[in-house]
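Hello,

Here is the structure I promised to pass on to you. Have a look at it first, and my notes follow below.

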Amino acid sequence: MTEAGQRRGRNETEEERADRMWGELIQEVRVAQTGVQILFGFLLTVVFQPKYTQLSAANQVIYIVTVVLGACATGALIGPVSLHRLVSGRRVKPQAVRLASRMTFVGLVLLLATMTSSLLLILRVATHDGYVPYLVAAVVAWYLLCWYGLPLWARRRHTSRTDR
């Protein structure tokens, strides 16, 4: 209870909290999985396009790096599903939620890297202009603000010392 007599938070057991957090995590992963799978699927088709052979060596390297990053992001974001399936019924849900949360975070970082390199490649091929790195940097700054900056600001601003 707080000083005003209002209850803060939930009155949950560790298992109930793990169940709730697992449900929330899976909803979050669904969004990220869809995005990374669509992007990765698109990337896999590029190499089969006739224009691929006309790419410069540097752009081909960027493409290869982008595909590898996309594959890694896909693995990390699908990982929590496999984790759940393999440990289901083993009474390790709190530990599984923590591990799945870490895999999801790594997957989001890899997705950020994949989107960055994809954008770099597309803009290099589309424009051949010197402003491309600056434009990509601006978009990455936007991603960082939306994905990490604002959430971390909200967490810091709205988390009391007793909640930490």
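A residue counts as buried when its relative accessible area is under 20%, as exposed when over 50%, and as partly exposed in between. Trp 147 has a relative accessibility of 29%, so Trp 147 is partly exposed. Please keep in mind that this is a predicted model.

Now for the wider setting. An unreviewed UniProt entry lists residues 29-49, 61-83, 104-125 and 131-154 under "transmembrane region". In the model, residues 104-125 are 100% helix and 0% strand, with 31 Å between the end C-alpha atoms. Residues 131-154 are 96% helix and 0% strand, and there the end C-alpha atoms are 33 Å apart.

Which residues do ring pairs link into a cluster? They are Phe 105, Tyr 143, Trp 147 and Tyr 148.

Counting ring pairs with centres within 6.5 Å gives four aromatic pairs. In one of them, the ring centres of Phe 105 and Tyr 148 are 5.8 Å apart and the planes meet at 75°, so this pair is edge-to-face. The pair joins distant parts of the chain, since Phe 105 sits in helix H3 (residues 93-127) and Tyr 148 in helix H4 (residues 132-158), 43 residues apart. Phe 105 is partly exposed at 48% relative accessible area, whereas Tyr 148 is buried at 16%.

Tyr 148 also pairs with Trp 147: their ring centres lie 6.5 Å apart with the planes at 65°, so that pair is edge-to-face too.

Enjoy exploring it!

Best wishes

Terms used: Residues numbered from 1 in each chain as written. Predicted model: local features only at pLDDT ≥ 70, side-chain atom pairs only at ≥ 80, totals over all residues. Heavy atoms only, no water. UniProt positions renumbered as here; feature names shortened; annotations may be inferred. Helix = DSSP H or I, 4+ residues; strand = E, 2+ residues; numbered from the N terminus. Phe/Tyr/Trp six-rings, centres within 6.5 Å; stacked < 30°, edge-to-face > 60°. Buried < 20%, exposed > 50% of the residue type's maximum accessible area, 1.4 Å probe, protein only.
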